[in-house]
Amino acid sequence: MSLRGRLTLLSTVFLVVALGASIGGATLFTRARDASRHHAQIDRAVTTAGDFDKSLVTQAASIRAYFLAADASSLQSYSDARQASTDLASRLAGLVTGARLSRDVENASHAALTWRTTAVNPLIALEQQGAYQQVIDQYSKGDAAPLFKDVTRAIRVLDRDLAAAENTAASHADGTRLHALEFGIGFAVAVALAFVFVRVAATAWLVRPINTLAEHMRMADAVDDIPAAGGPAELRELAQSSEGLRDRLHDELAQAARTRSMLGQHSDALMALRARTHLAARTLPPGWDMCADLVPATGIVAADGYDVTCIGTTMTVLLVEAAEHGVDAAAAGLRAKELVRAALRTHTDVGSAIAWASELMPDAMKLGVTVLVARLDCNNGELSFASAGHPEALLCDGLRVELLSETGPLFGTRNGTWTTRKLTVQPGQIFIAFTDGLLAGRTDSHARFGPERLGQVVHDNYGDSCEGIVKQVLIEAGAFVPGRCHDDIAVAVVARAMPM
């Protein structure tokens, strides 16, 4: 039998047994509950019958005292007891079940009514008319005593039948509770036996064959003898197909080893390429501060890059960005940066330097290369700025933010021209240049980090060092766009100190 057939048979048997046990258990527990309720009702009827008997005795004693001593308070006691007996008789009729007990209650109530209407009420009328001696004679020789004996006999019959009914109900309640307890114990034993059976069957049908299969799969030899291990047909078919799976795993491991070897051979070149993207000035003129950083989106090589040089009192900030990712894009970004650096050595106008380098790299447009160049005269703060399709830079202080937009087309545009914009970095102002990765992220509500948000971060951290501002900018961008960045980020910050 297949594994599915065995599980279906086992599930069907368990379902039938569980359904039968549930129905039987529900029936037994319902009967036990009903028997307990009936027993409690009979107990209340016995108590009520006792109170009914006491109320009749109180009536007889009170009316006797009234007739013989003409005590008005005794008449009031008789009236109260009579009202109580009427209420108790009604309650008792609602508690008893069965024709016999109902007849007993009816007989007792009728006997009490006959005693009151035939013997007691006429004597009360005579007593109230002042015929005291006539009342005493008729009470002693009349029907009052015989009729009350009828009441007493009816009460005794009711008490006797109620006691018998109470004994029967108690025995029945005890019996049904015992049966329910025996069923509960039997059910627990059956569950334990079923658990043992399932465990033994699972071990024989599944665990042992699976362990055998796993043991043979860990071996280096073939697994032709696994079908003899037993178990369901599905496991035997799995064992027969495991050899092909193991061969594919061996092929994947070999491919992974070859890939790891290739990465090891190229790691030195990749590390050297990334090191070339992290060049920065080592010394700065007095009154100036600078910091830059690069965060690759993937791997260890970024397609974006920056370069900051300081020769004498001239500081040059260069940012390069490629829209693509990977080694080819990183190589293109590095090549564009080196061409622009070479052009800046021979061209005093930064726009002309971009134009010269762009002519030597016409393929830059395919990779979406952009370039930003800012040359600072640290003596007077004069800034020469040119941008080839690059995101706008910021010039800000503690209050205002000025956007420096692109001054020409994308880098690599044939016969392109780039204007050089000149402005002055005043004391206390901060120049910020960055690549598009800083602003490209969006939140779930499609809100961009944006230049406005960047300017607010600078405003909130105005007065800190450039290193602190760069760090806070990257932190805020990461908090605004959670998760790993999807584009390379390069950012450079240059600040001119306030005069002391």
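Thr413 lies in the loop between strand E8 (401-404) and strand E9 (421-424); strands are DSSP runs of E with at least two residues, helices are runs of H or I with at least four, and both are numbered from the N terminus. This is a predicted model, in which local features need pLDDT of at least 70 and side-chain atom pairs count only at pLDDT 80 or more, while totals for chains, interfaces and linings use all residues. Residues are numbered from 1 along each chain as its sequence is written, and side-chain values use heavy atoms, with hydrogens and water left out.

Which residues does Thr413 touch, leaving aside those up to four places away in sequence? They are Ser358, Glu359, Met365 and Trp418, where contact means heavy atoms within 4.5 Å. Of these, Met365 is 48 residues from Thr413 in sequence, yet their C-alpha atoms are 6.8 Å apart. The Thr413 side chain also reaches the backbone oxygen of Leu410, at 2.6 Å.

Let me turn to Val13, which is in helix H1.

Finally, the overall picture. The protein has 11 helices and 11 strands, and buried residues make up 40% of its 500 residues. Among contacts with a separation of 6 or more, 71% join residues 24 or more positions apart.

Key:
A polar contact is a pair of N or O atoms within 3.5 Å; within protein, one must be able to donate a hydrogen and the other to accept it, and residues adjacent in sequence count only if both atoms are side-chain atoms. Buried means under 20% relative accessible area, exposed over 50%, partly exposed in between (1.4 Å probe, protein chains only).
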